[in-house]
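Dear colleague,

I am handing over the structure we spoke about, and I would be grateful if you could look through it with the notes below at hand.

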Amino acid sequence: MRNWLFFIGTLIAVLLLALLITNITDRRAEARFAYTPTVEIGADGFEPRDSVWGLNYPRQYQSYMKTIDTTYRSGFLTSGHRDALDENPEWVILWAGYAFSKDYNQPKGHGHAITDMHKTLRVGAPMEKGDGPMPATCWTCKSPDVPRLMQEIGVTEFYSEKWSTFGSQVINPIGCADCHDPKTMNLTITRPALVEAFHNMGKDISQASHQEMRSLVCAQCHVEYYFDKNLPGKEGANYVVFPWKEGMTVEDMERYYDNYEFYDWEHPLSRAKMLKAQHPDYEVYSMGVHAKRGVSCADCHMPYKSEGGQKFTDHHIGSPLTNIENSCFVCHREKTDNLIADVYERQGKVKEGTKILSKEIAKAHIEAKKAWDLGATEAQMAGILQGIRHAQWRWDFVVASHGGSFHAPLEASRITTSAIHLITTTRRELVMLLNKLGQTGGVTMPDLNSKSALQAYIGLDMQQEIVNKQRFLDQVVPAWLSEGRQREAQMNVRKATQ
């Protein structure tokens, strides 16, 4: 009896081992099949089409396509449309004289990069090629067609054109070719500004580790930058430059801009020479605990996942809160509700401060206008205008950094506190100057809670802006897309050698 039991046990063990070996063999075969190239990407030049890359990497491509989803909602953000000016009308005053006062929405997924560029009022409504107020540089981070064009015509030449010049050339949203070398699939930098910024700091970006590259490919675009028209040998081009030469803190970049005497625009109310923060996500992230622990952007926003026995990077780039199990729970051990509440608490406290701050800055702009109207001199206004410039720069640095209130909440709070001190001091100086100029009562304020009222207050004809934009969307954009697709239909896709 004992021998029979031993025989049966051995038979079962052998059977289970055989099943395990078969499973492993099948998975290895599946893996090899899954990643066997079917086309040679970039064989005839730079390949901007994600659909072509997807022939070789279907799982990554299919997950990336989910970036067009607009259903996600969190305590403060969404993957769908959300009008930031409706929610914060005083921002219209802060950006008076700048295109952001017309239209500013919360960011959607990468798959919307091109359509959102077409729709935003900020780029105007050009009806002819080479027309409109915005430079081609505005396309820089929106499409893999940009590095393709830079290769074809030159970097400076690209920056020297108008936004509408390349309307039929830039039709593919942010995708595979922005971050991957088509020959090796290694992460790569396709935007020259990041390489140049490292060089200006005395660093060689080619020496970055793979883990560092999992953040640096994001840092090509998710950074603070400005358009420099005065670079030696590149005069006249709206050349993208990262202001990192002095360092990456808000004070470092503020000092850089002040020393360079750079400003994005002159405010029509206060006459302050203003700075517009873009989206200093990488800089703020670098100051937070996750960066200090070696956690990359991709670890949280593009975590690994398994599907069909295959492990791959999830290219559904978005909030880690949509995929807590694969992002947060790799390191953290707590209840989901507690973790989400912790994130919202940090975000809420920072946003509470920036909301107070933005209204104080808006009032300062209006009070400064009153001082000018009453005959203030440039000497009297010099310190006041610098206070407004620095306070708004710091406010914008925090607000424009996507997720900054979580990436580095302590730093975001510190910057906000310093800005509140600056604008409080500035408004105190304004009150004293206004009294000296004969304004003994407070300055009458417009309705700071109405987006439309404030847009009318600063002289915008929003009805005409919307009419012009709709005409552009109806007549120009379809022609751009049709021409672009016809051009791409003629591009070859060479089959890979099996």
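What follows is an account of what was found in it, taken topic by topic.

Please bear in mind throughout that this is a predicted model, and that each value quoted here was computed from it.

I begin with the salt bridges, of which 26 are counted. Within helix α7, which spans residues 145-153, Arg 148 and Glu 152 lie four residues apart and are therefore separated by about one helical turn; their side chains meet in a salt bridge, with 3.2 Å from N to O.

In one of them, the side chains of Arg 214 and Asp 299 meet at 2.8 Å, N to O. This pair joins helix α10 (residues 210-219), which holds Arg 214, to helix α14 (residues 297-301), which holds Asp 299, and the two residues are 85 residues apart. Arg 214 is buried, with a relative accessible area of 7%, while Asp 299, at 24% relative accessibility, counts as partly exposed.

The other is formed by the side chains of Asp 258 and Arg 389, which meet at 2.9 Å, N to O. Here the link runs between helix α11 (residues 250-260), where Asp 258 sits, and helix α16 (residues 378-399), where Arg 389 sits, the pair being 131 residues apart. Asp 258 is partly exposed, with a relative accessible area of 24%, and Arg 389 is buried, with a relative accessible area of 9%.

Beyond these pairs, you will also find a network of salt bridges that links Glu 251, Glu 254, Arg 394, Glu 411 and Arg 414.

Asn 88 lies in the loop between α4 (84-87) and α5 (91-94), and although it belongs to a loop, Asn 88 is buried, with a relative accessible area of 13%. The side chain of Asn 88 makes a polar contact, at 3.3 Å, with the side chain of Lys 355.

Turning to the cysteines, how many disulfides does the model contain? The count comes to zero. A disulfide is a covalent bond between the sulfur atoms of two cysteines, and the cut-off applied here is a sulfur-to-sulfur distance within 2.5 Å. For Cys 176, the closest cysteine sulfur is that of Cys 179, which at 8.8 Å is too far for a bond. For Cys 331, the closest cysteine sulfur belongs to Cys 300 and lies 7.4 Å away, so that a bond is again ruled out by distance. Cys 331 is, moreover, exposed, with a relative accessible area of 60%.

Finally, there is a hairpin to inspect. Strand β6 (residues 304-307) and strand β7 (residues 310-313) run antiparallel and are joined by four bridges, and Lys 305 has Phe 312 in β7 as its bridge partner. Two residues lie between the strands of this hairpin, in which Gly 308 takes a positive phi near 60°.

Technical notes. Residues are numbered from 1 along each chain as its sequence is written. This is a predicted model: local features need pLDDT of at least 70, side-chain atom pairs count only at pLDDT 80 or more; totals for chains, interfaces and linings use all residues. Side-chain values use heavy atoms; hydrogens and water are left out. Two strands pair if DSSP finds at least two bridges between them. Buried means under 20% relative accessible area, exposed over 50%, partly exposed in between (1.4 Å probe, protein chains only). A polar contact is a pair of N or O atoms within 3.5 Å; within protein, one must be able to donate a hydrogen and the other to accept it, and residues adjacent in sequence count only if both atoms are side-chain atoms. A salt bridge is a side-chain nitrogen of Lys or Arg within 4 Å of a carboxyl oxygen of Asp or Glu.
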